[in-house]
Amino acid sequence: MPSFLSPDAIRDRFSRAMSAMYQAEVPQYGTLLELVETVNREALEGDPELAARLEAHDDLARLGVERHGAIRVGTAAELAGLRRLFAVMGMQPVGYYDLAAAGVPVHSTAFRPVDDAALARNPFRVFTSLLRLELIEDTQLRERAADILASRQIFTPEALALIERHEAQGGLSEEDAERFVAAALETFRWHREATVDWPTYCALHDQHRLIADVVCFRGPHINHLTPRTLDIDAVQRRMPQAGITPKAVIEGPPRRACPILLRQTSFKALEEEIRFADLQQGSHSARFGEIEQRGMALTPAGRERYDRLLATARERSQGLDNAAHQQVLDDVFTAFPDDAAQLRRHGLAYFDYRLTPAGEAVREATESGERADLAVVDLATVDLEAAIARGWVSAQPITYEDFLPVSAAGIFQSNLGDARSDGYAGHANRDDFEQALGAEVIDELALYARREAASRQRVMHALGLDAQSTEGLGSAASG
Ligand code: OOG
Ligand code: NI
């Protein structure tokens, strides 16, 4: 039995290699990382409780590790190839995002680790978009784009061979994993030379800047990486002082006592020198830097309310600067409870339930049959809320690990200049996307729901409060 390096370890190495490559290629991204580090340090110094909480969750050491990156591909074969490549690193396609409605001709998923241990080790994920060529109206141009894409191979022979080896053996040795990381990285590298001539680039660019970005290069260059910040408002405010131009507004919900979902902002993509196939010199802008701050995952009911309030706020904040935009969000989101217990009782967010030390004592008493000290409590009538009220169970919000289509569209759009922002007629087509991917995407909400349900079942069982054990109690009492 050969010994394999774990997919989590491979992902960790890959994300670090990607970060090193991106910092070397995009110096301004290094500046953003320094700013984020400074702001995070100040946030920790100013809030020792936060520091202690992060330390307790082993989060301090990983604070500087990037949380996500993004790429865009042009064909079904490329998307399916990426699914196989990311599988080597324990990353599965989670979620379906339709961006056409917001005027961006792509649909997307996020390749990410799924289970808690893997997320804790390194949560690195890649937001991956597939260009929807069918949305190009000009038939001739559409066919030309498809031809160009059909003739490129975005994976190196070595990467392909190692993906196959991983699939055949069920893993990669340390040495193969090392080679895999280096080979896989090649797919995401920037190319200063376009594969097409200047007139072709211009024709595609005129259709949509994004189409030119996907079609005219050898592969899907990583277009941004995203570290985690502890204070996104401070980073947004301080970017200009560091010589970085931020996008106009922070995407997502407002700042809150109980942070929800995901807040993001980025700096504007840089203009970079490109040499075209006809030796014409020109420029192209694609690469930027982003930051994120994550909060709790919302249930379908919570998400529905978020989407509704966000739509209202966006209507009112057209054209406003970030400070004013945040003020509108604050006002509108007063309608969304900002208290953990309320969020839980109203079923708006997902929670992870654990036994407290007091709960552990009850569990031990239950197991050893010494429930005398609990005689005053009719356990059969104690439900989860009562167990929380008695201090036996703690409820910890589950962190949102996914993306938000409206925010993603905002990030795209901030880098697309004045490209069209009215929606495309073609509506969301998840089936087409999954067909191209060669697999179904995992439903992100089901992941959170399952985790919450499992944790609830665990504590209720430990306390002898689930259906099975109450039945046992009942018969023991009557016997
Ligand atoms: C992806 C933009 C979306 C996010 O974090 O929502 C995104 C792209 O520009 O390719 O990265
Ligand atoms: Ni992003």
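Predicted model: local features only at pLDDT ≥ 70, side-chain atom pairs only at ≥ 80, totals over all residues.
Apart from its neighbours within four places in sequence, Phe336 is in contact (heavy atoms within 4.5 Å) with Arg256, Ile260, Leu298, Gly302, Arg305, Tyr306, Leu309, Leu343 and Leu348.

Residues are numbered from 1 along each chain as its sequence is written, and chains are lettered from A and ligands numbered from 1 in the order in which they are written. Local features need pLDDT of at least 70, side-chain atom pairs count only at pLDDT 80 or more, and totals for chains, interfaces and linings use all residues, while side-chain values use heavy atoms, with hydrogens and water left out.

The nickel ion (ligand 2) is coordinated at 2.0 to 2.1 Å by His68 (NE2), His224 (NE2) and Glu290 (OE). Donors are N, O and S atoms within 2.8 Å of the metal (3.2 Å for Na, K and Ca); water is not among the atoms, so sites may look incomplete. The spacing of the donor residues in sequence is H-x155-H-x65-E. His224 in strand β5 (residues 224–226) and Glu290 in strand β9 (residues 289–294) are 66 residues apart, and the pair links distant parts of the chain. His224 is buried, at 5% relative accessible area, and Glu290 is also buried, at 1%; buried means under 20%, exposed over 50% and partly exposed in between (1.4 Å probe, protein chains only).

The largest pocket is lined by 45 residues, of which Asp59, Arg228, Arg294, Gln396 and Thr399 lie nearest its centre. A pocket is an open set of points on a 1 Å grid over the protein atoms alone, where a 1.4 Å probe fits, with protein on both sides within 12 Å along at least five of seven lines; lining residues have an atom within 4 Å of a point. Strand β11 gives the most to this lining, with four residues. The second largest pocket has 21 lining residues, and Val249, Glu251, Arg314, Gln318 and Gly410 are the closest to its centre. Helix α17 (405–414) supplies the largest share of that lining, five residues.

Definitions and conventions: Helix = DSSP H or I, 4+ residues; strand = E, 2+ residues; numbered from the N terminus.
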